[in-house]
Amino acid sequence: QLQLVESGGGLVQPGGSLRLSCATSGSGFTLNNYAIGWFRQAPGKEREGVSCISSSAGRSYYADSVKGRFTISRDNAKKTVYLRMNSLKPEDTAVYYCATNLKLGIGACDPYEYDYWGQGTQVTVSS
């Protein structure tokens with residue numbers, strides 16, 4: 001059974017950094033065959049796409065709000081996808097989820113396109 005497990009969230013001051021990890025596992029699941037996305041949901045808001053990366057890492061997407069601050073990467077040998085978050089702002093506070101659409105490409109990096117989700121990790125940016 002496919003599993004995605006996020007880690008690395010926490011409380012950080014504005015301007016600080018965090019690195020989130022999405023570890024994948026499952027019988028027959030080969031990470032390098034699939035796109036992975038990071039999504040977030042703040043209280044009272046809809047879930048939104050933050051960043052997505054294709055199976056080959058040849059294409060990536062970033063929401064305008066995080067461009068230049070966040071970097072997505074993947075280590076297929078470790079079956080893990082990362083989200084490096086720098087220059088964090090209070091508006092980045094949310095539960096962050098990773099997910100896969102079980103496809104090679106990222107699509108529109110829209111949460112409605114992604115079928116398999118982790119449980120989420122809380123990121124709080126506050127002084």
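**Disulfide bonds in the predicted model**

C52 is joined to C109 by a disulfide, with an S to S distance of 1.9 Å. The structure is a predicted model, and the values given here are computed from it. The torsion about the S-S bond of C52 and C109 is about 75°, so this disulfide is right-handed. The bond links distant parts of the chain: C52 lies in strand β5 (residues 48–53), whereas C109 is in the loop between β9 and β10 (116–117), and the two cysteines are 57 residues apart. C52 has a relative accessible area of 0% and is buried. C109 has a relative accessibility of 3%; because buried means under 20% relative accessible area, C109 also counts as buried.

The structure contains two disulfides. Besides the bond of C52 and C109, a disulfide is formed by C22 and C98, whose sulfur atoms are 2.1 Å apart. The link of C22 and C98 is right-handed, with 70° about the S-S bond. C22 is located in strand β3 (residues 18–25) and C98 in strand β9 (residues 94–100), so the pair ties together parts separated by 76 residues in sequence. C22 is buried, at a relative accessible area of 0%, and C98 likewise counts as buried at 0% relative accessibility.

When the bonded cysteines are counted along the chain, the disulfides follow the pattern 1-3, 2-4. With regard to secondary structure, the bond of C22 and C98 connects strand β3 with strand β9, while the bond of C52 and C109 connects strand β5 with the loop between β9 and β10.

Definitions and conventions:
Residues are numbered from 1 along each chain as its sequence is written. This is a predicted model: local features need pLDDT of at least 70, side-chain atom pairs count only at pLDDT 80 or more; totals for chains, interfaces and linings use all residues. Side-chain values use heavy atoms; hydrogens and water are left out. A disulfide is a pair of cysteine sulfur atoms within 2.5 Å. Helices (H or I, at least four residues) and strands (E, at least two) are DSSP runs, numbered from the N terminus. Buried means under 20% relative accessible area, exposed over 50%, partly exposed in between (1.4 Å probe, protein chains only).
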